[in-house]
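Here are a few friendly notes to read alongside the model. Please keep the structure open as you go through the points.

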Amino acid sequence: MKLVKKIIWAWRYKHAIRKAKKLSKLTGLKYYVILLNGGLKVVPKKTIKALISRKRFRKGTTIQDIEKNALFITK
């Protein structure tokens, strides 16, 4: 059972990275792959900044904290 879960996780992770790279190439924005609500999300840095300014994250959370915890960051 653990092997199956690892395989599924690996597929989702690879898929999220491919999506982030593709979107970054198309739009020119920096994208993050983060773990949010138990799933992998591909989010642009611009959106993260907007969410922080709207107090969506805990008080004191900065963009550097999110970058540090991101699973993948496009260049």
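**Notes on S24 and the chain around it**

1. S24 is buried, since its relative accessible area is 10%; buried means under 20%, exposed over 50% and partly exposed in between, using a 1.4 Å probe and protein chains only. This is a predicted model, in which local features need pLDDT of at least 70, side-chain atom pairs count only at pLDDT 80 or more, and totals for chains, interfaces and linings use all residues. Residues are numbered from 1 along each chain as its sequence is written, and side-chain values use heavy atoms, with hydrogens and water left out.

2. You will find S24 in helix α1, which covers residues 2-27. Helices here are DSSP runs of H or I with at least four residues, strands are runs of E with at least two, and both are numbered from the N terminus.

3. Which residues does S24 touch, leaving aside those up to four places away in sequence? They are L29, Y31, T74 and K75, where contact means heavy atoms within 4.5 Å.

4. Stepping back, the protein chain has three helices and three strands. Read from the N terminus, the order is α-β-β-α-α-β.

5. For overall dimensions, the C-alpha trace spans about 40 × 30 × 15 Å along its principal axes. Of the 75 residues in the protein chain, 21% are buried.

6. Finally, consider contacts between residues at least 6 apart in sequence: 45% of these join residues at least 24 apart.
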